[in-house]
Amino acid sequence: MSAGGPLVLGIESSCDETGVGIVRGREVLANVIASSVDEQARYGGVVPEIAARAHLEAMRPTLERALETAGVRIADLDAVAVTAGPGLAGALMVGVGAAKALAVTARKPLYGVNHLVGHVTADQLHATGAEPVPVELPTVALLVSGGHTSLLLVRDLVEDVELLGETLDDAAGEAFDKTARLLGLPYPGGPSIDRAAQDGDPTAIRFPRGLTAPKDRERHRFDFSFSGLKTAVARHVERTEADGGALAVADVAASFREAVVDVLVTKALDACAATGVPRLLLGGGVVANRRLRDVATTRAEAAGVRLRIPPFDLCTDNGAMIAGLGARLVEAGATPSGAGFGVDSTLPVGQVLLS
Amino acid sequence: MLLAIDTSGATSVAVVDDDGALVASLLDEDVRAHAEHIGPLLETVLERAGRPHVDAVAYGVGPGPFTGLRVGMAAARTAALVLGAIELPVLSHDAVALEALRRGMRPAFAVVADAKRRERFATVYRGLDAAGMPARDGEPAVGPETDLPRVPHVIGAVDAGLLGVVAALRRAHGVPPEAPDARYLRSPDVTIATVRKSVLG
Ligand SMILES: [Zn+2]
C-alpha cells in the first residue's frame, strides 16, 4: 500500500452523473464528473435510458481524464471501487461493467459499494494541501438529491450505518423538478426555483409539511413525503388561473422551498435529538440550495448540533466519494467483492459492501 | 492477441490470435445478468489464455437489448484503455452471419434477433467482403415481425469467439472497423408530459 493510504479509483454511475475519482487515503487526487443534465433538460427530469446512454459515451473519456488529473498509472492503484446501488439499474450496469473490466484486466481488488454510504464518506475527504478533516462519528446524515431523500445514523462507515427514514414517494430534488415544471421554470428545478424565490415571500402561502402531523409522526417520524406538497402547489396554480388572477411565481417558489427546507431540517434535527447525536452531516445535490444551507446552519446552531457540509463538488454524485469509501474498506481489511456481484437498484443502506 | 466481448444477447468473452484462431472462449446464455457475468467470464478467459499480451479489443456494438449491450461495450472500452489496446467495434450480427456461412448457408440471408416489444432486429447479408467475412446489404433495422426481409432467417447467440475472428481477419486485411457507437436503432423511450393533469378533480 502506498504512503498516505491506499490509492483507489472509484466509479459512480447511479443517476445522471458519470463520475470517476481517485483518492490516496483521504486525499482527493482527481474528481472528474460528466453530466447528462443538459440532455435531460428538455424532458424535465432524468430519463433512465438517456442517462444510461450518456454513461456509456462518457465512461472511457472520464476514466482517462481522472487518471491524467491524478497523474497516476492504473498499475499503481491498490483497488477499484464502484457504485453497485441504489440507483437506476441500467445506469449502474455501465459503471459496474467498466469497473469489472478495469479490475480484472489490471488485476486489482474490486469493491462494489453503496452509493448512500459514499455520500457520507465525502465528508472525510480533503483536497491536496488542505487540512485533513477530523472524522466525527457517530453522526446523523441527511442525504438529499434528485434520486434520494434519506436520514441515516452512521456509527461506523464500514460496519454500522442505519437507515432512520427515507422518502415514501418523491425525492426532494424530484419535487423541485416537478414544481419547477408546474411554475413554467426550467430544469433542473433546484437552481431555477432558488432564483425565482429570491424576491418571493416564503410565508405567502402555507404549503403542507408532509408526515409532520402527530399521527404521522408515530409511524413515520423520520420519513418524508413530498407528493402532497407537489399536489398543493398544483392546486394553488390551478385555482389562481381559474380565478383569473396572476400567479405570484416568486411567492409560490419561495413558499414551496420553505416547506421542503422546513421538513428536511426539522426531521434531521429531531433525529439528532432522538438519537442523542449532536452532529449532522448534509450530502447530495440539493445541498447546493442556499436556503437549505442557511436554515440548517441557523437551526443546528440553536439546537447545539454541529453541522457539516462537504464542498459542493463532493456533495453531488461523484466518483471521489466512491473511491474514498473503497479506501476505507481497504484500510478496514474488508474482503473485496470479487467479479461476480450484480447491481441492486434498491440496495439497503445497511449493506455497505456487496459480496 | 485479440480480446473479444459481446453482450448484445448472451454474455460472451473470447481470446483470438492474430490469424483468427480461437484461443479461449466462454458464453453464458443468461440474458438478464450481463453485469454479473462479465467479470467472471473475462477473468476465466484471460486466465485460460495464459494472460496473453492483448493489443486489440473487439466488441459487439449490437443491435441487441440496450441494457445488456452497454455492459459489454463499457467493459471492452475500459479493457482497451487498461491494456493499451486498440478498439475494434464489430456489428454483433456479423458473428452470427459468420457462423451461418461456415455451416454452409448461402447468401442472401438475414440475421434476426429479439428486440423486445414484439419487434425484431434484422440484418441482411449478401456475400463476403475483402477479408472473406460476411458482407451486409444495407444497415441493420428494427421493426415488427411482419416487416422482416423475405430471405432465409438465421437466429443464434452472438459468440465473442466468432466476433473476434471477424475483427482479426478484417484487421489483417485492412478492412476499416465499424463505427464505435451502440446500434440502438431506437430513440431513447420518452414520454414527455405536455398537458398538466388537473388536481382539482
Ligand atoms: Zn446521490
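1. Basis. Because the model is predicted, local features need pLDDT of at least 70 and side-chain atom pairs count only at pLDDT 80 or more, while totals for chains, interfaces and linings use all residues. Residues are numbered from 1 along each chain as its sequence is written, chains are lettered from A and ligands numbered from 1 in the order in which they are written, and side-chain values use heavy atoms, with hydrogens and water left out.

2. Zinc donors. His115(A), His119(A) and His148(A), each through NE2, and Asp317(A), through OD, coordinate the zinc ion at 2.1 to 2.3 Å. Donors here are N, O and S atoms within 2.8 Å of the metal (3.2 Å for Na, K and Ca); water is not among the atoms, so sites may look incomplete. Along the chain the donors follow the spacing H-x3-H-x28-H-x168-D. Helices (H or I, at least four residues) and strands (E, at least two) are DSSP runs, numbered from the N terminus.

3. Zinc geometry. The angles subtended by the four donor atoms run from 88 to 157°, so the arrangement is irregular. Four donors count as tetrahedral if all angles lie between 85 and 135 degrees; four count as square planar and six as octahedral if opposite donors are over 155 degrees apart and all others between 65 and 115; anything else is irregular. His119(A) is buried, with 2% relative accessibility, and Asp317(A) is buried at 9%. Buried means under 20% relative accessible area, exposed over 50%, and partly exposed in between (1.4 Å probe, protein chains only).

4. Helix packing in chain A. Helix α5 (residues 172-182) packs on helix α9 (residues 249-275) at an angle of about 170°, with the axes 11 Å apart. Axes are lines fitted to C-alpha atoms, for helices over the stretch in contact, and angles run from 0 to 180 degrees between N-to-C directions. The two helices, α5(A) and α9(A), are therefore roughly antiparallel (angles under 35 degrees count as roughly parallel, over 145 as roughly antiparallel, 65 to 115 as roughly perpendicular and the rest as oblique). On the α5(A) side the contact is made by Ala172(A), Ala175(A), Phe176(A) and Thr179(A), and on the α9(A) side by Phe256(A), Arg257(A) and Val260(A). Contact means heavy atoms within 4.5 Å.

5. Cis peptide bonds. The bond from Tyr187(A) to Pro188(A) is cis, with omega near -5°, and Pro188(A) lies in the loop between α5 and α6 of chain A. In chain B, a cis peptide bond joins Gly62(B) and Pro63(B), with omega about 5°. Pro63(B) is in the loop between β4 (56-60) and α2 (66-83).

6. Positive phi in chain B. Lys116(B) has phi near 60°, a positive value in a residue other than glycine, and Lys116(B) is in the loop between β6 (109-114) and β7. Arg118(B) also has a positive phi, near 60°, and is found in the loop between β6 and β7. Arg118(B) is exposed, at 79% relative accessibility.

7. Arg107(A). This residue lies in the loop between α3 (89-106) and β5 (110-114) of chain A and is exposed, at 55% relative accessibility. Leaving aside neighbours within four places in sequence, Arg107(A) is in contact with Leu102(A), Glu47(B) and Arg51(B).

8. Pro134(B) is in strand β8 (residues 134-136) of chain B and is buried, at 1% relative accessibility. Not counting residues up to four places away in sequence, Pro134(B) touches several residues, among them Asp94(B), Leu98(B), Tyr125(B) and Arg170(B). Arg126(B), in strand β7 (residues 119-128), is exposed, at 52% relative accessibility. With neighbours within four places in sequence left aside, the contacts of Arg126(B) are Pro107(B), Ala108(B), Ala135(B), Arg136(B) and Asp137(B).
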